[in-house]
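Open the model in your viewer and keep the selection panel handy.

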Amino acid sequence: MPSENRIKILPKAVVCEESNLRGDITFSSGCVVHPSATVIADAGPIIIGENCIIEEYATVAHRLEPGAVWDVNNILSIGTHNVFEVGCQVEAAKIGDKNVFESKCFVGRGVTVSSGCVVGAGIRIHGSQRLPENTIVYGEQGLQREAIDKQGSQTLQIDFLRKVLPNYHHLRKPNHDPKKARSVV
């Protein structure tokens, strides 16, 4: 693993200083990271898509498998408009768009989450599996069904958090502008 943290925060992202960040992590525009949220990139870089919300005590981790080493090409790609609610722990292999990981759920490292999925509160998903689009995982046995309606937008919540969090917490400043990062040919 690289010796130092490489945190890239794009403009319009709100990342609280009190969050726990480790490794090579990119927060795209519009992301909101609450205080006490944890993002760990031990196995390789994590790229978090636009307008994702990571709430308090939520953990998003890209952990090393036993015997493996950090690899710059082993990227955990997280899509846009995902919500990681309070206390969830997500170590999925890949995450699509517009998913909700409810409070205290656990998603293991072999799981691929497509788009429009909801992992219910307290649900534990282990092993190697792929959640099809618009899947809802619920109940004590972790039952699965297809959602009737598509996931709603989190735009109002993101706008509210963008206004309120700076009033009560110190923020990490955006430090990466993709327009300036282009190499001159």
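**Stop one: the cores**

Select Phe27, Ile48, Ile54, Ile78, Phe84 and Phe101: they have the most contacts inside the largest nonpolar core, which has 36 residues. A nonpolar core joins buried Ala, Val, Leu, Ile, Met, Phe, Trp, Tyr and Cys residues through side-chain atoms within 4.5 Å; buried means under 20% relative accessible area, exposed over 50%, partly exposed in between (1.4 Å probe, protein chains only). Next, colour β1 (6–9), β3 (20–27), β5 (38–48), β8 (76–78) and β14 (111–113), the elements giving two or more residues to this core. The largest share, four residues, comes from β5. Strands are DSSP runs (E, at least two residues), numbered from the N terminus.

This is a predicted model: local features need pLDDT of at least 70 and side-chain atom pairs pLDDT 80 or more, while totals for chains, interfaces and linings use all residues. Residues are numbered from 1 along each chain as its sequence is written, and side-chain values use heavy atoms, without hydrogens and water.

Now centre on isoleucine 54. Beyond its neighbours within four places in sequence, isoleucine 54 is in contact (heavy atoms within 4.5 Å) with residues including Val32, Val39, Val60 and Phe84. Then select Val14, Val100, Val118 and Ile158, which are among the 12 residues of a second, separate core.

**Stop two: leucine 171**

Is leucine 171 buried or partly exposed? Leucine 171 counts as partly exposed because its relative accessibility is 29%. Look for this residue in strand β20 (residues 171–172). Glutamate 18 is 153 residues away in sequence, yet the C-alpha to C-alpha distance to leucine 171 is 8.1 Å.
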